[in-house]
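Dear colleague,

Please find the structure below, together with its sequence. A short account of the findings follows it.

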Amino acid sequence: MAWHCSGSTNHEMITKLREAKILTTDRAEAAMIAVDRAKYCHESDPYLDRPRRIGYNVTISAPHMHAHALSILSDQLFDGAKALDIGSGSGYLSACMAFMVGPRGKVIGVEHIPELKDISEKNVQEDCSHFLKDGRLKFVVADGRLGYPDDGPYNAIHVGAAAEKLPEQLFDQLCPGGRLVCPVVAIEGFQRFQDLLQVDKNPDGTIKTEKLMQVSYVPLTDPNTQLRDSNV
Ligand SMILES: C[S@@+](CC[C@H](N)C(=O)[O-])C[C@H]1O[C@@H](n2cnc3c(N)ncnc32)[C@H](O)[C@@H]1O
């Protein structure tokens, strides 16, 4: 996907994402309008269509990846739905999901670095504090490779970091009719790349997996590996 949807404002960035047909649903667009990326990305020019550093050796994902994820999960992020955002980082995508599921819904952001979990809560507090107050959004510190069965099953699961292999234990945490989106490492010969996979759980419980495109995410890993060589 070309990175050509930068804006000088949230609105301009969203207009370009819509024109480029990356942001494809009205509900995903409304979420990105309601949640201001600048409150989650504290570098200059927050509306650049690029991943940006948020500390702890990781990034807030690029706006085109957020727009794509919210668009393909729109049907599962209905009013009152339950969603899991694994690797919630800045909290931006979790907040967009919380907008879409509304006050009767529930979104759990799972982050394995406690300091990032605190930062995400502070970001949401400054942007959409009612999401935390009305209980539709909560952040937890946990190993997202295991999902978060306590609040499952979920209508939508988004994984924001690349898994070495598709975490099949997450299938059990999906509702029938639910959708999981996860970047997964693929190896061909000496080449290592990542595919974005979409996994749908059919109403009868069977699973359908589809490769969407090649992507580039930080790894879904353990804290020591992530923080190695980090100067925060
Ligand atoms: C690309 S970053 C942030 C993505 C987030 N959607 C955003 O845009 O801010 C991926 C996040 O996954 C987290 N992460 C990596 N491995 C994890 C694991 N095993 N469990 C939970 N979080 C993990 C990282 O700390 C990082 O915050």
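Helices (H or I, at least four residues) and strands (E, at least two) are DSSP runs, numbered from the N terminus. The model is predicted: local features need pLDDT of at least 70, side-chain atom pairs count only at pLDDT 80 or more, and totals for chains, interfaces and linings use all residues. Residues are numbered from 1 along each chain as its sequence is written, and side-chain values use heavy atoms, with hydrogens and water left out.

I begin with the backbone. Gly152 and Pro153 are joined by a cis peptide bond, with omega at about -5 degrees. Pro153 lies in the loop between strand S5 (137–141) and strand S6 (154–159). Most peptide bonds are trans, and most residues other than glycine have a negative phi. Asp45, in the loop between H2 and S1, has a positive phi, near 50 degrees. Tyr56 also has a positive phi, near 60 degrees, and is placed in the loop between S1 and strand S2 (58–60). Tyr56 counts as buried because its relative accessibility is 15% (buried means under 20% relative accessible area, exposed over 50%, partly exposed in between, with a 1.4 Å probe and protein chains only).

I turn next to helix packing. Helix H2 (residues 26–34) and helix H4 (residues 92–101) have axes that come within 9 Å and cross at roughly 125 degrees. H2 is therefore oblique to H4 (angles under 35 degrees count as roughly parallel, over 145 as roughly antiparallel, 65 to 115 as roughly perpendicular and the rest as oblique). Axes are lines fitted to C-alpha atoms, for helices over the stretch in contact, and angles run from 0 to 180 degrees between N-to-C directions. On the H2 side the contact is made by Arg27, Ala28, Ala30, Ala31, Met32 and Ala34, and on the H4 side by Tyr92, Cys96, Phe99 and Met100 (contact means heavy atoms within 4.5 Å).

Finally, there is 1 aromatic pair. The ring centres of Tyr40 and Tyr92 are 5.6 Å apart and the planes stand at 80 degrees, so the pair is edge-to-face (rings of Phe, Tyr and Trp, the last by its six-membered ring, pair if their centres lie within 6.5 Å; planes under 30 degrees apart count as stacked, over 60 as edge-to-face and the rest as tilted). The pair links distant parts of the chain, 52 residues apart: Tyr40 is in the loop between H2 and strand S1 (52–55), and Tyr92 is in helix H4. Both Tyr40 and Tyr92 are buried.

Yours sincerely
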